[in-house]
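Look at the sequence and the model first.

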Amino acid sequence: MKQNFTWKRALLAVIFFLGLILLDQWTKSLAVTYLMDQEPFAIFPGIFQLCYLENRGAAFGMMQGKQILFVIMAFVAFAFIIYAYFKLPWEKHFHLLRASGVMIAGGAFGNLIDRIFRGYVVDFFYFELIDFPVFNVADIYVTVATALLAVLLLFYYKEEELECLFPSKKERK
């Protein structure tokens, strides 16, 4: 059943997006208030802890000090996600694809706020047992949504279903 665009659907996406950002910023505010300049707080000793870290790089601390590059990349990602959001058919079949895009945008925007206003991203979750890089709620959104996106693109959607995003030369004419 083919459905059409409605402002209600777009408003729900905006509310979801803003909710993700608010949750991310609230948890980072808690980390700044309660973890900054403190010893790490062990939730499960030797396994998982909360510890304050100022990340001036990308995911997991890569590419330290390249803030302007990250800002540009975030805006390019937003532009593509908005393009894809409105270009995809408005059928139930594409809801998960849209949701993963909104989650990626929410996570990227949450970290972008930190980069612009703090000059770094606040990270605070640490899996000590496996020495996993310190991360935050926005990173969880991006990671989970990217994994979902990969599964959807590899196993759920057919190539021709996504032609609307990148039409072939024949279709453009």
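Helix 1 and helix 4 (residues 137–156) have axes that come within 8 Å and cross at roughly 140 degrees. Axes are lines fitted to C-alpha atoms, for helices over the stretch in contact, and angles run from 0 to 180 degrees between N-to-C directions. That angle makes helix 1 oblique to helix 4. Angles under 35 degrees count as roughly parallel, over 145 as roughly antiparallel, 65 to 115 as roughly perpendicular and the rest as oblique.

On the helix 1 side, L20, L23, D24, T27 and K28 meet V137, A138 and Y141 of helix 4. Contact means heavy atoms within 4.5 Å. By class, this contact holds five nonpolar, one polar and two charged residues. Ala, Val, Leu, Ile, Met, Phe, Trp, Tyr, Cys and Pro count as nonpolar, Asp, Glu, Lys and Arg as charged, and the others, Gly among them, as polar.

This is a predicted model: local features need pLDDT of at least 70, side-chain atom pairs count only at pLDDT 80 or more, and totals for chains, interfaces and linings use all residues. Residues are numbered from 1 along each chain as its sequence is written, and side-chain values use heavy atoms, with hydrogens and water left out.

Helix 1 (residues 7–35) also packs on helix 3 (residues 95–117), at about 40 degrees with axes 9 Å apart. Helix 1 is therefore oblique to helix 3. Both pairings are set out below.

| Pair | Axis separation | Angle |
|---|---|---|
| Helix 1 and helix 3 | 9 Å | about 40 degrees |
| Helix 1 and helix 4 | within 8 Å | roughly 140 degrees |

From helix 1, A13, F16, F17, L20, I21, D24, Q25 and K28 meet residues of helix 3, including A99, V102, M103, F109 and D114. The contact of helix 1 with helix 3 has eleven nonpolar, four polar and three charged residues.

Q25 lies in helix 1. Is Q25 buried or exposed? Q25 counts as buried, because its relative accessibility is 19%; buried means under 20% relative accessible area, exposed over 50%, partly exposed in between (1.4 Å probe, protein chains only). Leaving out residues up to four places away in sequence, Q25 touches G110, I113, D114 and R118.

Now the whole protein. Its secondary structure comes to five helices and three strands. Helices (H or I, at least four residues) and strands (E, at least two) are DSSP runs, numbered from the N terminus. Along the sequence the pattern is α-β-β-α-α-β-α-α. Of the 173 residues, 38% count as buried.
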